[in-house]
Amino acid sequence: MKDLRKLEEIWAKFVYEGELDPSVQPAVAEGWKRCRAAGVNPIGGLGRRVDDEVFRSIREANAQLIYTAMPIMQSVFDIVRRTGFLMVLTDSVGYVLETMGDESIMAKTEDLRFVPGALWDNQSVGTNAISVALDYNTAIQMAGAEHYCRTHHGWTCSAAPIHGENGEIVGCLNMSGEAADVHDHTLAVVLAAAIGIEGKLSLLHSAELMRSALEGSADSIVLLDQGCRPVWANSSAYKLFGMDKGQLSSLDFRALLPDVDWAARAWRRDGGFFADDVRVTTSGGVVRCSVAVTSSSALGSPTLNVVLKKQKHLIASVNKLSGNRALYTFDDIFTADPEMKKTVSLAARYAHYDGNILIEGESGTGKELVAQAIHNAGSRSGGPFVAVNCASLHRDMLDAELFGYESGALPGGQARGGSPGKFELAHGGTLFLDEISELPLEFQARLLHAVETHRITRLGGTQEIELYIRLIASTNRHLGELAASGRFRGDLYYRLNVLRLEIPPLRSRPGDIRVCAERFLARLNAAPGAEPKTMSAEFLDGLLEYDWPGNVRELQNGIERAFYSTPESVLGAQSLHLAVGDSAPAAEEAAAPAESGEILAALTLCGGDVEQAAGRLGVSRATLYRRIKRYGIDVRGLRQ
């Protein structure tokens with residue numbers, strides 16, 4: 001128990017004689033020294049209230065502290081209501097935010113101006129428990145003359161700082177009463193209450209962080225009560241469903257996700273489950289999402305946490321894992337041939353159009369390379385590039401592979417969930433249907449609808465899905481001839497053949513043989529650890545003489561085979577045989593007389609017209625010119 005009379009003597013000696021007794025609490029002693037140095041009137045101590053507008057801004061800045069502290073202050077005050085004590089909450093500077101006391105004590109606070117809006121710091125009203133607690137970050141109890149100003153000597157005050165999430169002082173809790181009623185328990189009560197406020201502030205901070213994280217999520221998050229009615233949802237969820245809080249909370253959420261087996265799973269202890277492809281009913285129609293559901297009883301009663309991710313996010317992940325992207329651009333297409341340059345230029349123009357594109361050309365000419373370049377140069381370059389080899393699709397799985405399927409649509413219990421097909425995976429990008437001519441005739445009618453409308457219906461489903469895609473088809477056959485003979489649907493052919501490209505075979509553009517060979521060799525030479533090689537004139541001439549039925553792909557494979565199989569630094573005659581196999585010029589030379597006679601006969605019949613003769617012999621004009629040169633045939637002499 002403090003000796004109030006002794007404290008008065010100690011105070012008087014300091015105020016009037018400047019002598020400081022060592023028994024004074026260190027923090028109080030420091031406060032007294034500061035008051036003396038600042039010229040604080042020890043006979044004063046009346047608070048001064050700021051104007052209403054300033055105080056309003058102070059309260060707004062401390063709204064969370066007030067909201068958090070008031071219930072705890074009320075609980076403590078209910079206990080000490082008839083003891084003549086006053087509860088006070090201040091901000092971190094010392095401005096009084098709230099007071100709570102009975103009528104008798106509140107009248108005394110008015111006399112001191114110890115009221116909301118008053119600044120209770122060391123310089124304004126002299127050393128007091130609030131100023132010491134805030135200045136020295138310590139809980140303290142002061143009584144009687146420990147206060148620097150005489151007007152406070154009739155009081156005992158117990159104060160404790162309140163700390164925020166990072167340990168910084170955000171306010172102070174104080175309990176004041178008659179000096180004669182000073183008791184150690186009072187400080188303990190105040191300290192416990194301050195700690196309680198800090199704990200609640202921490203919980204609110206964590207909750208705000210969690211709320212901010214959930215609100216900032218692109219996923220739609222909904223919390224359900226035991227009746228499966230939404231009790232909370234983030235902004236993404238309201239946007240997904242196209243509803244406000246009142247509309248969504250009034251619904252049985254199970255009706256919005258009909259594919260989820262709620263009865264079997266929802267309330268089991270291990271009731272969490274995940275589904276990749278689920279129909280979600282919204283105000284704007286059916287949307288497909290992946291759904292994760294977990295159960296929790298952290299708040300005292302069971303709740304379900306539902307996380308919905310739009311199908312486009314799933315499709316983006318699938319495309320990333322599957323490598324559904326275009327790697328090549330028009331810069332990767334090398335050509336010295338005038339006709340091929342025209343084709344590439346036309347393809348570059350087509351890239352900016354929305355029409356379907358049909359690419360025809362022999363196998364190995366680079367149809368997919370051109371398709372990828374078109375994709376990367378067009379408006380959908382940021383989307384996926386999904387390539388489908390139609391010749392490799394199983395006849396019985398065409399619908400499922402291309403259009404996708406709903407849960408349970410496949411026979412034999414295959415794939416419990418649904419799955420998007422290639423058309424859906426290509427949404428926002430390009431679908432490349434390679435070898436389109438190999439699709440069965442009976443399936444082409446179903447493909448026609450998708451090509452015409454860019455809408456598909458999954459196998460086993462009823463909902464039509466609208467897609468934003470570019471369609472590029474390719475074939476190594478003449479699709480028009482197949483359509484004319486009834487082996488390909490004419491209406492589908494005309495739908496695909498909006499913008500047409502024909503890639504000439506390598507044998508008809510001999511200039512590209514050299515260009516491509518040099519590019520392929522340069523790439524091999526640049527590989528780590530490679531022993532650089534060059535091409536001899538003999539090797540290069542041999543490449544130019546060969547017909548390359550496998551086109552650019554065969555040339556690339558041949559150069560690579562010769563490179564790795566040749567120990568020397570120069571690719572010569574032996575390397576040529578490695579590159580072209582048994583079709584090397586040396587093998588052709590053995591049959592030269594017979595071939596030479598056949599060519600001479602064809603040219604004679606055609607009056608020296610090389611193009612007509614090439615048609616008779618079934619070879620390209622460029623190939624025939626090479627053989628004419630090889631055998632030294634005088635074409636001019638045959639012309640009439």
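A residue is called buried when its relative accessible area is under 20%, exposed when it is over 50%, and partly exposed in between (1.4 Å probe, protein chains only). This is a predicted model, in which local features need pLDDT of at least 70, side-chain atom pairs count only at pLDDT 80 or more, and totals for chains, interfaces and linings use all residues. Residues are numbered from 1 along each chain as its sequence is written, and side-chain values use heavy atoms, with hydrogens and water left out.

**Figure 1. The protein chain as a whole.** Of the 640 residues in the protein chain, 46% are buried. Along its principal axes, the C-alpha trace spans about 140 × 60 × 45 Å. Among contacts (heavy atoms within 4.5 Å) with a separation of 6 or more, 64% join residues 24 or more positions apart.

Figure 2. No disulfide (a pair of cysteine sulfur atoms within 2.5 Å) is found in a search of the whole structure, which gives zero. For Cys35, the nearest cysteine sulfur belongs to Cys149, 6.4 Å away. Cys35 is buried, with a relative accessible area of 0%.
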